[in-house]
Structure formats: structure tokens, C-alpha cells
Amino acid sequence: MTGVRLYWARNDGMTGHVFLSPPERSALEREMLLQGMTLPELEPGVHVTATEVDEALENAATDPISLGDRKLWDDWLAFLRGASINGGLLVR
């Protein structure tokens, strides 16, 4: 698994982006799967729409099930909420 760069579809170049290392990406994808959060495959070139982000967030629990890094989970949910109001996600 490789790392990915994610951007809000509408961002100002200062906020609205994140780089996930391979271990972070794996841990977040596992947690989302456990919580029933479905997003398209986070592969370069993919545009995850705001609607798809909203649908994933509907199943998100504040507390992680298996992820030991609470801050990573909190930051991920905040990033997804931002993507929801900024046109979704672009994967690079």
C-alpha cells in the first residue's frame, strides 16, 4: 500500500489537504470498514464527491473501534467534514 495526498475539491492551498502515510492510510481504511463507512478507493485520480463523503460520515462514530490513535481519527473526521462542504475529495 502506498501513501496518498488528499485535497478538498475547493481549497485555498493553505488548508484542505492531507498526506496519509501507508500505515495511516491502512489504519484509517480498516477503521472506516469496521464502522461501515464506504468511500470509493482512495487511488490517485479519483474524485470522491461531497455526497459520497456525506454518506460515509453518516456511519461515523466519534469513538474509534480499533484505531489506537484517537487524534488521527478525530483529525480524519474533521478533514472529511471539511470535504463535505468543499466539494468532496481529490486523490493525488
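Hi everyone. This is a predicted model, in which local features need pLDDT of at least 70 and side-chain atom pairs count only at pLDDT 80 or more, while totals for chains, interfaces and linings use all residues. Residues are numbered from 1 along each chain as its sequence is written, and side-chain values use heavy atoms, with hydrogens and water left out.

Let's start with the sheet. Four strands make an open, antiparallel sheet in the order β2-β1-β4-β3. Strands here are DSSP E runs of at least two residues, helices H or I runs of at least four, numbered from the N terminus, and two strands pair if DSSP finds at least two bridges between them. At the edges sit β2 (17-20) and β3 (47-48), each pairing on one side only. Two bridges connect β3 with the antiparallel β4, residues 89-91, and H47 stands opposite L90 in β4.

Now, R25. It belongs to helix α1, residues 22-35. Is R25 buried or exposed? R25 counts as buried because its relative accessibility is 2%; buried means under 20% relative accessible area, with a 1.4 Å probe and protein chains only. Leaving out residues up to four places away in sequence, R25 touches M1, T2, G3, V4, L20, E41, L42 and E43, where contact means heavy atoms within 4.5 Å.

Finally, helix α3, residues 70-85, lies across β1 (4-8), β2 and β4, at about 45° to β1. Axes are lines fitted to C-alpha atoms, for helices over the stretch in contact, and angles run from 0 to 180 degrees between N-to-C directions.

How values were computed. Buried < 20%, exposed > 50% of the residue type's maximum accessible area, 1.4 Å probe, protein only.
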